Every structure is written in structure tokens, then in C-alpha cells.
Amino acid sequence: MRAGADEDPRRTRVQGQGEGGRLGPQDVGGRLGERATLVQFSSAFCAPCRATRRVLGEVAAMVPGVTHVEIDAEARLELVRRLEIRKTPTVLVLDAGGRVVRRAVGQPRKADVIAALGEAV
């Protein structure tokens, strides 16, 4: 999840720790990962969301204890507002306790997601 995005809308914008506090199983609609959880906010007609789903699913499958959860932003407007989600895809990286340690807007690269997980585990 690379930093330093400029005007290019395809580039991922990353924010650091403390972005949105803590999420629990009731927020993500399922269990949190033992080590980390990748939470993806998507919308129905978002092409980058499909590619993001694939990347996050691949990372979750290869890193033990990491879970990927996708949330339909339109169906969870209260959570979208609380977390100040402005665009899809938005990815939150949660540690084992559900604390948001990284936040990225846009389609992430697999290497960036793996690097961001380093802060969560």
C-alpha cells in the first residue's frame, strides 16, 4: 500500500495508525483474523474493487492467521460514515485486536499489502 500518491487516481493513498480506532466482529460481519484482518470496502460497480478482492484474497491465503473481509459500502452506510470512507476500494488493515493500523484508498499492490501487514502482526 504505497505512499506518496499524487493526482493519479489509480495510485493508492495510505494513512498511518489511528485511522478509525478499533473494529470488532460485529462491525466486519464475521470473525477477525488471528493475526490480522484485511477489511475491504467495495461498491457494486467498482472495477478496482474486483482486482482488490483478488489481491487481498491471495495475500490472506498465503499469510497464516490473516483474514480478508469485504464490506458492501452501500449496505453499511453507518460504518462508512463512522470510518469516513470516501471512495472504494478502501482497505483497512486491522491487528489481532481489531485496531486499524493502516488505511489505503485505491487498488493496492500485493507487495504493499504484505508490507502493511508487517505493522499489524
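Predicted model: local features only at pLDDT ≥ 70, side-chain atom pairs only at ≥ 80, totals over all residues.
1. A salt bridge here is a side-chain nitrogen of Lys or Arg within 4 Å of a carboxyl oxygen of Asp or Glu. Residues are numbered from 1 along each chain as its sequence is written, and side-chain values use heavy atoms, with hydrogens and water left out.

2. A word on confidence. The pLDDT (the predictor's confidence in each residue, from 0 to 100) averages 87 over the chain, and 83% of the residues score at least 70. Over residues 2-19 the pLDDT is below 50, yet beyond near neighbours in sequence this stretch has 41 contacts (heavy atoms within 4.5 Å) in the model.

3. Now back to the pair we began with. D95 is buried, with a relative accessible area of 13%, while R99 is partly exposed at 30%. Buried means under 20% relative accessible area, exposed over 50%, and partly exposed in between (1.4 Å probe, protein chains only).

4. D95 belongs to strand 4 (residues 90-95), which runs antiparallel to strand 5 and is joined to strand 5 by five bridges. Strands (E, at least two residues) and helices (H or I, at least four) are DSSP runs, numbered from the N terminus, and two strands pair if DSSP finds at least two bridges between them. T90 stands opposite V105 in strand 5. Four residues lie between the strands of this hairpin, and G98 takes a positive phi near 90° there. Strand 5 (residues 100-105) is mostly covered, with six of its six residues buried.

5. The whole structure holds eight salt bridges. One of them joins R82 to D27 (3.3 Å, N to O). R82 lies in helix 3 (residues 77-83) and D27 in helix 1 (residues 25-28), so the pair ties together parts that are 55 residues apart in sequence. D27 is buried at 10% relative accessibility, whereas R82 is partly exposed at 45%. Elsewhere, R54, E58 and K110 are linked in a network of salt bridges.

6. Finally, do look at the cysteines. The search of the whole structure finds one disulfide, a disulfide being a pair of cysteine sulfur atoms within 2.5 Å. C46 and C49 form this link, with an S to S distance of 2.2 Å. The torsion about their S-S bond is about 85°, so the disulfide is right-handed. C46 is buried at 8% relative accessibility, and C49 is buried at 1%.
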